[in-house]
Amino acid sequence: MEDIVSILKIQKDFLSGKGSSPSAISDIENELGLRFAEDYKQYLLVYGIAAFDGIELTGITPVQRLKIGRASCRERV
């Protein structure tokens, strides 16, 4: 089974960020009171944020609409 990082990088028109640090990921998990799945953590470590073929994925980014913390809190309401 392929991992998320491998699947994403072969997508049409793939764009990504520079990746996030383990401490940034841990900080977001603590802020949200949850633990991310290991494949999502790997995505965050490698890319931080990504987009392909008109699809944007949330992550760790200064872009407000795509911040995982902001998007998660918005969905909890």
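Analyst: Here are the labels, each set against its definition. This is a predicted model: local features need pLDDT of at least 70, side-chain atom pairs count only at pLDDT 80 or more, and totals for chains, interfaces and linings use all residues. Residues are numbered from 1 along each chain as its sequence is written, and side-chain values use heavy atoms, with hydrogens and water left out.

User: What makes F14 and Y47 an edge-to-face aromatic pair?
Analyst: Rings of Phe, Tyr and Trp (its six-membered ring) pair if their centres lie within 6.5 Å; planes under 30 degrees apart are stacked, over 60 edge-to-face, the rest tilted. F14 and Y47 sit 5.0 Å apart, centre to centre, with 65° between the planes. So the pair is edge-to-face.

User: Why is the pair Y40 and Y43 called tilted?
Analyst: The angle between the planes of Y40 and Y43 is 40°, so it falls in neither the stacked nor the edge-to-face range. Their centres are 5.3 Å apart.

User: How do you know whether Y47 and F14 are buried or partly exposed?
Analyst: Buried means under 20% relative accessible area, exposed over 50%, partly exposed in between (1.4 Å probe, protein chains only). Y47 has 7%, so Y47 is buried. F14 has 22%, so F14 is partly exposed.

User: What makes the 14 residues a nonpolar core?
Analyst: Such a core is a set of buried Ala, Val, Leu, Ile, Met, Phe, Trp, Tyr and Cys residues joined through side-chain atoms within 4.5 Å. The largest has 14 residues; Y43 and Y47 are among those with the most contacts inside it. Y43, at 3%, is buried.
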